[in-house]
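Here are my notes on the model you sent over. Have it open while you read, as the points go residue by residue before they turn to the interface.

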Amino acid sequence: MKIIIVDDELRALQLFLIDLIGLDLEYKFFKDDETAVMKYVIAEKPEAAFLDINMPGINGINLASELIAAKPSIKIVFTTGLNLSEKDLPPEVALNTLGFLYKPYDNNKLLYFLSEIADKARKMTVKTFGSFDCFIDDRIVRFSSSKSKELFALLIAYNGKTLTMNDAISQIWPDVDLDKSKVLYRDAVWRLRKTFSELHFECIDFKRACLVLNKTNIVCDYWNYISELSQDYNGEFLKNYDWSIPYLSFLDKLNASRKN
Amino acid sequence: MKISKQKTKLIAIFIADLIALSAGAISTIVVSATNAYSSIYFSGFLIYFSIIALFLFTVIVFVDCYAMFAIKTSTYHSFLLALCIETCCLLSPDYLSLFNLPSAYGLATNIIQYGIFMVFVSVIIIFFNFSYTLGMSKKRKLFYFFVCLVSLLLFVALYTVKWHFVSFVLILSLLVEVLRYTSRNPNIKCFNSFSFRPAQFLIFTLSGLILVNILYSSGTIDNYPFGITSFYLFTMTLTYCFIYFSFVRRTQERDFDNLKYRTQYERLKSSSLQAQIKPHFVFNVLSSIKNLYHTDPESGDYAISLFSKHLRASVEATSSDIIPFEKELNNIHIYIDLENIRRDNELNVIFNIEYSDFQIPALSLQPFIENAIKYSKIDKNEDGYLKISSLYNNGDVLLEIFDNGVGFNPDSIPQSSYGIRNSVERFRLLTGVTPEIISSVGNGTLIRIKFNKASLEKENENNNS
């Protein structure tokens with residue numbers, strides 16, 4: 001996958017470079033030299049272009065329409081410090097625009113754009129044996145609160161089944177009175193939604209009083225183990241959470257039967 | 001300074017009233033004593049003058065009639081007043097004889113006099129029932145009405161013995177009493193009404209004319225000073241013109257006030273930038289970030305990205321007014337995260353969000369959160385928390401921001417209450433919805449905002465266009 005990056009400030013570019021290291025792509029930087037950019041695009045036909053908007057020599061939006069003329073399928077991401085949105089773009093440019101990457105860059109958004117350009121869905125890896133953690137593009141997912149993390153762990157344990165509010169409350173807040181626990185449940189749900197929408201990784205269907213996990217694009221060691229895709233169970237499952245004990249005994253039984 | 005100016009103005013008006021009241025009577029007595037009047041009357045000048053004065057006042061009546069339909073705000077009494085004045089004047093011996101109706105005049109003087117006085121009393125009653133008396137007690141109004149009625153009955157009863165001026169004196173004392181009462185009670189609408197004083201002058205002018213009539217019909221003077229009605233009519237025409245003039249001026253002032261309010265509103269909206277990007281907050285955050293980079297560079301990166309999102313949201317708030325509620329919540333969350341970076345004890349904030357499918361003006365809620373964090377001292381208490389709730393019921397959205405902190409007495413004005421009031425005022429200006437403050441010392445503070453989803457969206461649209 002080939003991409004080009006046009007930005008007049010080298011400092012902004014350096015950070016960009018750090019993020020691109022280790023990814024399977026070929027990239028080329030340009031300062032605001034329009035003829036060089038066009039020459040490269042016509043010769044090499046890159047998949048996407050990351051364009052700054054305010055540059056001394058050229059305007060990124062004008063450059064975008066020229067790039068689109070040269071290669072109609074090119075995808076554009078604008079990297080800008082300005083407050084712009086799709087509606088500020090001419091329609092022919094908006095059609096090819098994936099979005100805006102505001103400075104300073106948000107790594108998650110950058111990785112999201114790259115996955116969009118490659119047309120390859122991002123994968124989340126979930127680790128349940130031992131303590132619970134999730135990773136997207138090898139980066140740990142920072143949950144907004146410990147309870148929202150626990151709620152997500154419960155969703156993983158439910159393995160695609162519908163998790164109702166009452167189920168969640170009885171397992172995560174067993175000792176709290178109902179009114180208060182509903183408030184805490186809503187708080188956890190809101191934080192969960194916020195976390196995944198910021199990561200641009202939509203994997204939960206938020207319904208009224210229940211949650212459903214969409215399992216595509218999620219790789220989970222627990223799921224792999226029970227469907228016999230892997231054998232790496234180590235005798236520990238979501239060890240921070242009290243409600244995991246029945247799951248643990250189930251896994252132990254499974255483990256014992258497989259050994260026999 | 002201002003009060004003494006007001007007082008001088010009142011005294012000046014009162015003197016003008018007195019002159020209008022007595023001028024007719026004095027000139028009548030003087031003319032009657034020198035016996036020089038009747039010969040002047042039929043000179044051409046007075047006839048033309050009378051006709052012109054009557055014509056001008058008729059124009060006023062029509063203008064008022066038109067205004068009553070064109071401008072809907074309570075101009076109907078002004079029209080009634082003009083109509084009654086016109087009737088009084090037409091019934092005066094002056095105009096009756098001008099239009100050559102001496103026979104009718106001669107036959108039923110008493111009936112005509114009753115009519116004039118009745119119309120006069122109606123004028124007084126209309127005057128009392130103007131919107132001017134808004135704020136006056138019903139009992140007092142009833143009393144005035146009663147006095148009017150008594151004086152009318154007295155007039156008829158005493159007419160035969162020529163003592164009917166007593167009822168005129170009664171009406172006059174009633175008028176003076178009303179003026180005394182209204183100029184001392186700022187709660188009554190007329191106290192600040194632009195047209196009340198001119199209308200009062202009109203009433204006194206008309207009283208002056210009635211006085212002349214009574215002097216004549218009671219036999220105090222022998223010769224009716226023909227032409228006096230036209231002078232009075234002319235004066236009243238001028239007074240009406242003055243009322244129109246001040247009405248136009250007041251409308252312009254109101255336009256100006258509206259403009260002033262509008263610019264103030266715009267300024268308030270744009271000042272949300274300054275309000276949000278508070279310099280001390282910016283520098284505090286920057287120094288915390290600097291510290292973070294020395295201990296934990298990754299958290300430093302995280303803090304920088306939070307901080308830039310916060311700044312972006314603040315800048316965006318000045319350009320795009322209406323944002324999804326979810327976005328406002330995200331901005332609030334970012335703000336709280338930034339607060340947490342520089343705190344030893346993290347703030348415990350609960351997002352009790354059941355419903356978020358609506359839009360609100362950008363940064364309209366955040367000031368409440370800032371206030372709560374600043375003054376509630378929830379971070380000093382281990383169980384302290386801040387709860388943001390959004391509930392939906394049958395078209396109504398209920399937003400609540402509750403902290404279980406120190407609270408305050410809403411009746412006093414401590415610093416915290418002042419901050420909340422500012423936020424309330426800002427929210428009211430942005431949305432037209434007034435948040436409710438429920439707080440008491442020791443029991444935390446609850447800000448409750450209840451609005452109809454559809455009507456808020458309409459308001460948002462109006463503000464945008």
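1. Let's start with Lys109(A). Skipping neighbours within four places in sequence, Lys109(A) is in contact with Phe100(A), Leu101(A) and His200(A), where contact means heavy atoms within 4.5 Å. Lys109(A) sits in helix 5 (residues 107-118) of chain A; helices here are DSSP runs of H or I, at least four residues, numbered from the N terminus.

2. Before going on, some bookkeeping: this is a predicted model, with local features needing pLDDT of at least 70 and side-chain atom pairs counting only at pLDDT 80 or more, while totals for chains, interfaces and linings use all residues. Residues are numbered from 1 along each chain as written, chains are lettered from A and ligands numbered from 1 in the order written, and side-chain values use heavy atoms, with hydrogens and water left out.

3. Gly99(A) is ten residues from Lys109(A) in sequence, and their C-alpha atoms are 9.6 Å apart.

4. Over in chain B, have a look at Thr205(B), which belongs to helix 10 (residues 196-217). Thr205(B) has a relative accessible area of 1%, so it is classed as buried. Beyond four places in sequence, Thr205(B) is in contact with Ala20(B), Tyr232(B), Thr235(B) and Met236(B). A polar atom of the Thr205(B) side chain also lies 2.6 Å from the backbone oxygen of Phe201(B).

5. Now the interface. Here 19 residues of chain A are in contact with 22 residues of chain B. The buried area is about 1,800 Å², with carbon and sulfur atoms giving 46%; that is accessible area (1.4 Å probe) lost on putting the two parts together, summed over both. In chain A, Asn83(A), Arg186(A) and Trp190(A) lose the most area to chain B, together 35% of what that side buries.

6. How many salt bridges cross between chain A and chain B? The rule finds two, taking a side-chain nitrogen of Lys or Arg within 4 Å of a carboxyl oxygen of Asp or Glu. Arg186(A) pairs with Glu354(B) in a salt bridge, with the closest N and O atoms 3.4 Å apart. Helix 8 (residues 178-198) of chain A gives the most to the chain A side that touches chain B, with eight residues.

Definitions and conventions. Helices (H or I, at least four residues) and strands (E, at least two) are DSSP runs, numbered from the N terminus. Buried means under 20% relative accessible area, exposed over 50%, partly exposed in between (1.4 Å probe, protein chains only). A polar contact is a pair of N or O atoms within 3.5 Å; within protein, one must be able to donate a hydrogen and the other to accept it, and residues adjacent in sequence count only if both atoms are side-chain atoms.
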